[in-house]
Amino acid sequence: MNTIDVTMALVIGGLFAVGFFLMLQRSLMRIVLGFILLGHGTNLLLLVAGGTPGRPPVPDGRIDDPAGTADPLPQAMALTAIVITFGLTAFLMALAYRSWRMTGHDEVRDDVEDRRIGTVRERAEAGSAADRETGGTAPGGER
Amino acid sequence: MLFLLAAYAAVAVAIPWWQPRLGRAVWAVAALVPLATVAWAGTRAARVLDGGEYRETLAWAPSLGLTVDLRLDPLSLLMLWVVAGVGALVLLYCRYYVERDAARQAALLLAFAGAMTGLVLADNVFVLYVFWELTTVASFLLIAGRGEEENERRAARQALLVTVAGGLVMLLGLVLLGWTAGTYRISAILADPPRGGAVSAAAVLVLIGAFAKSAQMPLHGWLPAAMVAPTPVSAYLHAAAMVKAGVYLVARLAPALAEVAPWRPMVLAVGLTTMVLAAWRALRATDLKLLLAYGTISELGLLVTLLGAGTRTAALAGAVMLLAHAAFKSALFLSVGILDHRAGTRDIRELSGVGRRMPVLFAVTALAAASMAGIPPLVGYLGKEAYFEAFLYGDARLDGHRQLTVVLVIGSALTVAYAARFVQGAFGGPPEGAARRAERPEAGFVAPVAVLAGAGLALGVGYAGTAALAAAYADAYPPGPHGPYELSLWHGFTPVLGLSALTLALGGLVHLGRRSLPVTALLPDAQRAFDRTLAAADRLALTVTRHTQVGSLPLYLVVLLTTVVVVPGAALAAGAPPLGSPLPWWSPVEPFLAVVVLTAAAAVVGTRHRLTGILLTGAVGYGVAGMFLVRGAPDLALTQFLVETMTLVVVVLVLRRMPARFSPGRTMTRVRLVRAAAAGAVGVLVTCFALVASAARTAPAISSGYAHRMEEAGAENIVNAIVVDFRALDTLGEISVLLVAAVGTVSLIRVGGRGDARTPGGGPGGPSPTAHWDEPVRTWLPGAPERPGGERSVLLEVATRLLFPSILVLSLFLLFSGHYGPGGGFAGGLVAGQALVLRYLVGGRADLGAAVRVPASVVTGSGMLLAAAVGTFPLLLGGVPLESTVVTLHPPVVGTVKFATSLFFDVGVYLLVVGVVLELLSAVGVSLGQDMAEADEAEATAEDEEQGGPR
């Protein structure tokens, strides 16, 4: 049976909330910060979900007593996650920097193409109103 | 059977290469394959008709239950003869008919024949489905032709959409059927039919698919439209073979499903309605092909009725009619093809007197049409007798069979009428117009028509053979109350004979009185319905797109987060186990760290300065590292401290160039509130999840076994052993990701932008600043002359130079001691990387060059290569990849040295991390610094010019 730790749960929840709130902003830089905080929250969650904390998993010769030690597997996974988060943070920073350099700001603007899809019908109708008079071909041999 | 399918595929693929050399002879070559199929089926016929069967199985993925099962039974044999026999004749006919695109059409027709062969031999629902869709694809390609004309493309698309949609519905039904039966083998399902509500649903779904494929109302619209295809294609696909696939499926499953609730009413209602209404529509058509197309729909309705009815006599009649229809309908289509080809039209109003011009064609076509009308002694008559018998005397299971007989009489009479109309319209009248100029067809052109029409006669006169073939299938049912019905041309003066005569008389009357027929269409206009459905689907798609695809990233994320909160949140709320008694904290240090972390995180939201933001994020990171330490994860804490520092350096170096403040927010308060609510809800959910997840664990940890295996790994630090040994593949993947991220970062920062004016080889840094790090260095502080004295701190520079070797030694210590205590390749590499960062920050680019004299990419690459090589090396010794052993050496002086070979893997990780840090420094440090210098220069020049301008 694992012990449940309210403080850790609150910290994780807080990091997720702040991280997602920052990711919901339009500034790429804030999104990067949010991403870093989310990474911290996730690593902690991995560790907490993994089991009860304890002595460091360095047996020091006391192999026969694994009871009081922390579970090393989530630690190894979190270790991997920390390093990858670092790599991705650097990459996101570079993206933000590049966006700023190309456009003069680092904001995530709305995708204009997405909005254009919604109006494709109106534009098509406006464009082909004349076509329709002449272009109606018979479907199959039906007529 | 497998070799047959392989032969179809191989010859179909080879035909485009052969066609240029063979010319028109290619059709004869193509026809050899179906002819061989007919012969092969002939050699197997005796045993199959005696109740035996042939099976073949090709295991593809047996563990998934995916095997190619083939089976030849009486129904398959009948279909195989139809498919291959008509196929061979159509291919021979094409020799005269097809003018262009011969290679493509021959290959597609043969491929279609192969798919159809597979379809009728399949004994596994998935194999059946695959061949089913292959025939649809072949049909699409053959209808579309080269796709040069709008109506061809449209008809092809319509046929594809309707039959594929039907096919998907059918697949659902077949899966449901196989799932309830516990087997996907069709013969096993038939042997032990499942029962229950799911089977009723499956029956409905399968029937919908069959109706779409066999053009039953109201899904028939695609078949008349498909008449834009070349006539041989219409004759083969849309009369003899492909549209029979639906009928075949009904015939195949009826013995198992006829007693399932909606099967029989559905089959009878749809089949008979289609039969009568389509025959009525055929009376109004003036295009001969269209007339035949509606005739086909009508006949298919009859076949669905007979084969789906589920009594022995009806099935016998259905099997006979299936043979008869394949023969006479393809003969009639091919005959129309000849007319069209030679007279240039197939319109009843323009054709007149062709019968006198082409008497042979007239004779054989009339013979085929007589079979369609059911005139003795042709096979159509045999079938008609049988189906009147089946419905007039009926069976307890056929409710209202007498009323249904009336419908059948009406349908048959209309069939007689349109058969007469076809012959009269195509060949009747005095010779005039187009017919006068028409060239007589060659004997080879008419021969396939003659063979098919003659087959109708042969099957009728030689009714014993027909009966043997049809009865072998129909014997799947128990005989009716009046004993097994026998096919015969003469049963004496029976009511059934009277009904046959009545249909002929009624049909003749309708034909004579055709001018006074009401012209109202009884069929709903399927074409318009299809177009409207399509347009409605388009509109729906647009409406959905407009409302879901608004282009705002934050909005998408809010939707995602809300979904996360609602769906898994509800599941969590519903199924959460009791929490028991939670501890407030594990260690008394935790609350202090928690306050630091949460305060810093909250402050990040409020700050307006980028630099403050990243510093506060760093504070969160250090706090989290403290938590790792408290919870017994010193390795994590160490790595977290180092990574956090490195992140700070990288981000701050990039931030040098960006504005100090965030862009001013223009977000409305309401939107901010929504975002805060979504984020807060996720936070609450994750908190609950963390509590539940830590309480929910019941199984012992996997890693409990690891502690006992430390001996063989030669390590004492379990985390490090996991990283470099037990789960080394993960680590290999991880360092690859790191490498890719670093390369991406470097390219994003270096390429493009205003800096692309920099010419390769020119400029102070050359093509790549790192390439010049190994320039000869003469002074002890090489960066000294680069910068003015005000920016420098000699004390710091000297201290850094002195500390640098010590830090490197520390990093190596962490690397080598990783197996025994906190540390390892990551931590060591990051420490070494930080030593280099220090050199760069204090001494600039030149000092970094003095510290590392090889390009960053060489360091990174050698790290990656070393790790990969260590991973693959055990393969050479016959071990498994990433295996590690403990090596003990006794070198002189040092004494005993014991290490695990996974140490070399860790050295690879170390090198890679150092290399990645160097790459990042070169990107965000050196080249970004150069950009700044250039930009400053450019500004200075611009200012100079401005000042110089007015002069």
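Trainee: In chain B, what share of the contacts with a separation of 6 or more comes from residues 24 or more positions apart?

Mentor: Good place to start, and remember that this is a predicted model. Among contacts in chain B, take those with a separation of 6 or more; the part that joins residues 24 or more positions apart is 80%.

Trainee: How many helices and strands does chain B have, and what percentage of its residues is buried?

Mentor: Chain B holds 35 helices and 4 strands. A residue is buried if 20 or more other C-beta atoms lie within 10 Å of its own. Of the 951 residues in chain B, the buried ones make up 51%.

Trainee: Why is helix α4(B) described as largely enclosed by the rest of the structure?

Mentor: Helix α4 of chain B covers residues 102-121 and reaches 28 Å from its first C-alpha to its last, close to the 28 Å expected. It is called largely enclosed because of its count of buried residues, 18 of the 20.

Trainee: At what angle do the axes of α14 and α16 of chain B cross?

Mentor: Two packed helices are described by the angle and the distance between their axes. Here α14 (residues 312-343) and α16 (residues 359-373) of chain B have axes that come within 9 Å. Their crossing is left-handed. The contact residues, including B:F328 and B:M372, divide into 10 nonpolar, 3 polar and no charged.

Trainee: Which helix gives the most to the side of chain B that touches chain A?

Mentor: The contact takes 113 residues from chain B and 90 from chain A. On chain B's side they divide into 68 nonpolar, 28 polar and 17 charged. With 14 residues, the top contributor there is helix α28 (residues 669-696) of chain B.

Terms used
Residues are numbered from 1 along each chain as its sequence is written. Chains are lettered from A and ligands numbered from 1 in the order in which they are written. This is a predicted model: local features need pLDDT of at least 70, side-chain atom pairs count only at pLDDT 80 or more; totals for chains, interfaces and linings use all residues. Axes are lines fitted to C-alpha atoms, for helices over the stretch in contact, and angles run from 0 to 180 degrees between N-to-C directions. Helices (H or I, at least four residues) and strands (E, at least two) are DSSP runs, numbered from the N terminus. A crossing is left-handed if the near helix is turned anticlockwise from the far one by less than a right angle, and right-handed if clockwise. Two residues are in contact if their C-beta atoms, placed from the backbone, lie within 7 Å. Ala, Val, Leu, Ile, Met, Phe, Trp, Tyr, Cys and Pro count as nonpolar, Asp, Glu, Lys and Arg as charged, and the others, Gly among them, as polar. The expected span of a helix is 1.5 Å times one less than its number of residues. A residue is buried if 20 or more other C-beta atoms lie within 10 Å of its own, exposed if 12 or fewer, and partly exposed in between; C-beta atoms are placed from the backbone.
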